[in-house]
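Here are my notes on the model you sent over. Have it open while you read, as I go from single residues out to the whole chain.

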Amino acid sequence: MTAFRNDLIYTNSSGSAALMSNGLTFGAKRNTATSFNEYFTGYLAEVIFFDEDLSTTDVTKVNSYIAIKYGVTLDNTGGGIQGDYLSTIGSTIWDASASTNYHNNVIGIGRDDNEGLIQKQSHSFDDSVRIYISALAGTNSANGGSFSNNISYVIMGDNQDHMCNTPAASAEVPGTCSLNSRLEREWKVTRSNMTDNINLDLKLNACGAPASVNVTELRLLVDDDGDFSNGGTTCYFNGDGSGVTFSYSNPVITITGISSAVL
C-alpha cells in the first residue's frame, strides 16, 4: 500500500499503517480483528476503490477528479507529468510544468460524464477567488447551471501575488486601457472544450482600497504572453459589446459573461 498527498508520495514514517491481516479500515486502526486502538481525527471526503492496480495515467485521472472536486492543488515538485490534470479521455486540461509560475491555488469547474463529475463552482483555499457558471450558490449542487459539453473544463491558477496594486504591478499597466493601476496577482486560465460563459469573484486585499472602487473604472485584462505592457493586452469593461459585465460588493469584484471569445 502506498500513500499519496496532493499527488506526491507520502513517506512520513509516523503515517498510518494498514493491518491487512485484520481487514482494511478507514478512519481507525485495528489492533485486533474486532477492536480499534487509534482513530483518525480529520475528515474523509471520499473513498474510491478499484479492483486492479492503476497505471500512472489512470492515477493522474483519479487525482485530477479529486483535485477539481475539492479544490486541491496537485503537487508538481517531481516535474514531468506530476501535478498535471487529465480528463478521463486522457487529454491534458492543466499542464503543471507549462504553468510553473501559476501552479498555485489551482481550481476548476467542468463536466466529465465518465466519472460523474459536474463541478459548477469552485473557490481558492483562502476564498479570495471563485469561479462558477450561472449564479453562485451555497453549494455546488444548489447551483442551477449546466454545461453544454461533456469533457469540458476551465482550470485556473495564480502567481500568488497581492490582490492589490504594487510598484511591480504598476510597471505593467497597459497604455491603451485608461488605467492607473492593476492587481499584482495574475491568473493563467485554460479552457478545454468549454463553450459556456464563466464568472469570477475576486476579493481585494485591504491594500487595494476596497472602499474606493468605482465599477466604471474596472477592466479585465487578457494577455497571452505574460507581459501586460507590450501592446498585446485586450481590455474588457462594462458596455464594450463583449458581454463581460462588472459589479462590486465591497471587497468583492464580480465579473460575469466571460465567454470563450474572451478567454
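1. Let's start with Ser 192, which is buried at a relative accessible area of 17%. Buried here means under 20% relative accessible area, exposed means over 50%, and partly exposed is in between, using a 1.4 Å probe and protein chains only. Ser 192 belongs to strand S12. Setting aside neighbours within four places in sequence, Ser 192 is in contact (heavy atoms within 4.5 Å) with Thr 92, Ile 93, Ile 151, Ser 152 and Tyr 153.

2. Some housekeeping before going on. This is a predicted model, where local features need pLDDT of at least 70 and side-chain atom pairs count only at pLDDT 80 or more, while totals for chains, interfaces and linings use all residues. Residues are numbered from 1 along each chain as its sequence is written, and side-chain values use heavy atoms, with hydrogens and water left out.

3. Now the overall picture. The protein chain has two helices and 17 strands; these are DSSP runs numbered from the N terminus, with helices being H or I of at least four residues and strands E of at least two. The C-alpha trace spans about 70 × 35 × 35 Å along its principal axes. Of the 263 residues, 37% count as buried. Among contacts with a separation of 6 or more, 57% are between residues 24 or more positions apart.

4. What about the nonpolar core, meaning a set of buried Ala, Val, Leu, Ile, Met, Phe, Trp, Tyr and Cys residues joined through side-chain atoms within 4.5 Å? The largest has 24 residues, and Ile 131, Leu 220 and Ile 255 have the most contacts inside it. Strands S7 (107–112), S10 (129–132), S11 (152–158), S13, S14 and S17 each give this core at least two residues. Apart from it there is another core of 13 residues, including Val 106, Leu 117, Ile 151 and Tyr 153. As background, nonpolar side chains tend to be buried together in soluble globular proteins.

5. Ile 255 deserves a click. Leaving out neighbours within four places in sequence, Ile 255 is in contact with Ile 198, Asn 199, Leu 200, Leu 202, Leu 220, Val 244, Thr 245 and Phe 246.

6. Thr 234, in strand S15 (residues 234–236), comes out at 37%. Beyond residues up to four places away in sequence, Thr 234 touches Leu 220, Leu 221 and Val 222.

7. Last, have a look at the second largest pocket, with a volume of about 1,200 Å³. A pocket is an open set of points on a 1 Å grid over the protein atoms alone, where a 1.4 Å probe fits, with protein on both sides within 12 Å along at least five of seven lines; lining residues have an atom within 4 Å of a point. The volume is the space filled by probe spheres set on the points, which are joined across faces, edges and corners. Of its 41 lining residues, Ser 181, Arg 182, Leu 183, Arg 219 and Leu 221 are the closest to the centre. S12 gives the largest share of the lining, five residues.
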